[in-house]
Number of protein chains: 2
Amino acid sequence: MDSGIRDKFRKSGYTLTSQRRAVLEALTESDGHPSAEDVYLIVKRKNPRVALGTVYQALSVLEEIGVIGSKHWNESPTRYDLNLEPHLDIRCGHCGAVSEIPGVGLDDLESRIQENTTYQVKSATLVVEGVCPKCRRNQ
Amino acid sequence: MDSGIRDKFRKSGYTLTSQRRAVLEALTESDGHPSAEDVYLIVKRKNPRVALGTVYQALSVLEEIGVIGSKHWNESPTRYDLNLEPHLDIRCGHCGAVSEIPGVGLDDLESRIQENTTYQVKSATLVVEGVCPKCRRNQ
DNA sequence: GTCGGATCAATAACCATTCCTGATTCCGAG
DNA sequence: CTCGGAATCAGGAATGGTTATTGATCCGAC
């Protein structure tokens, strides 16, 4: 277990419980962009007593203290991610698979937006959807 | 009523019913980015018998035939829009107001994404959130 | 007019997520 | 060690935006 994670727990005041540890482990074991339900199923293999609500709560704590990130596509469950760097993900509209897109910089997009609105910009997220190679083959 | 709208209905095979016309009129009367519920309330003022489900269904038909557009921010209802040009909207996280952001071009973003992924890119939407001037003042 | 498909209103169902409640666990003070 | 209070938990009910279902009704082609 990364000692940085322990630090973040200590600073936040939350405790690093076995359930939260299990959720983190599930994130590592998964294919990289699991939904809360996916995490729940992985966690349940080792500890069948955990409830889905507990997983949701653990995920939100982990996100709050900056240990994991999340992304949301319309009409589909939120995906969680250990990659904290700003990066682009694309979601397949057919099978729901999520993959990273390397090499596309958003540069100064957020500051360009701030220059053109009287709102105070809090976030600018690029939501990318497409068809993955596997689904394209099966069409 | 725009004759282009009639054309789109004719081509699509859908009929331009009074309910769908009422939904379109509500879009024009509204402040520009109403939710389905907002549209429902406006429509109901003139025709109290329409059901919320009918409004949803009318909105989805109108979007399907390309008469209106829609945008979705996490954790909040979908907003509908008569502006069909690609453009940026920002949503206030406090009051939910939605406004357009002029002057920010996404340029070749979608093609840059396509170059860096094996997925077939279908859409790349920028979801921008912030705080509107009014809410900032009241903080 | 009338037949059949499109559309409608009303309501039940859906699903991801959050909330609630009482039970359990954790942790520091004594 | 052990007591008590706070944090966390499991389970299940509730939420809210949206969609599906179901008869009833409308409308246009014949």
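## A strand pair across two chains

In strand E5 of chain B, B:Ala124 is the bridge partner of A:Val128. The two strands involved, E5(A) and E5(B) (residues 120-131), run antiparallel and share 11 bridges. Strands pair here if DSSP finds at least two bridges between them. Strands (E, at least two residues) and helices (H or I, at least four) are DSSP runs, numbered from the N terminus.

This is a predicted model: local features need pLDDT of at least 70, side-chain atom pairs count only at pLDDT 80 or more, and totals for chains, interfaces and linings use all residues. Residues are numbered from 1 along each chain as its sequence is written, while chains are lettered from A and ligands numbered from 1 in the order in which they are written.

## Chain A meets chain B

31 residues of chain A are in contact with 31 residues of chain B. Contact means that C-beta atoms, placed from the backbone, lie within 7 Å. E5(A) gives the largest share of chain A's side, 12 residues. That side has 15 nonpolar, 12 polar and four charged residues.

## Two helices in chain A

Helix H3 (residues 36-46) and helix H4 (residues 52-64) of chain A have axes that come within 9 Å and cross at roughly 115 degrees. Axes are lines fitted to C-alpha atoms over the stretch in contact, with angles from 0 to 180 degrees between N-to-C directions. H3(A) contributes A:Ala36, A:Val39, A:Tyr40 and A:Val43 to the contact; H4(A) contributes A:Leu52, A:Val55, A:Tyr56 and A:Leu59.

## Around DNA strand D

20 residues surround DNA strand D. Each has its C-beta atom, placed from the backbone, within 6 Å of the strand. Among the closest are A:Thr17, A:Gln19 and B:Thr78.

Definitions and conventions:
Contact = placed C-beta atoms within 7 Å. Nonpolar A, V, L, I, M, F, W, Y, C, P; charged D, E, K, R; others polar.
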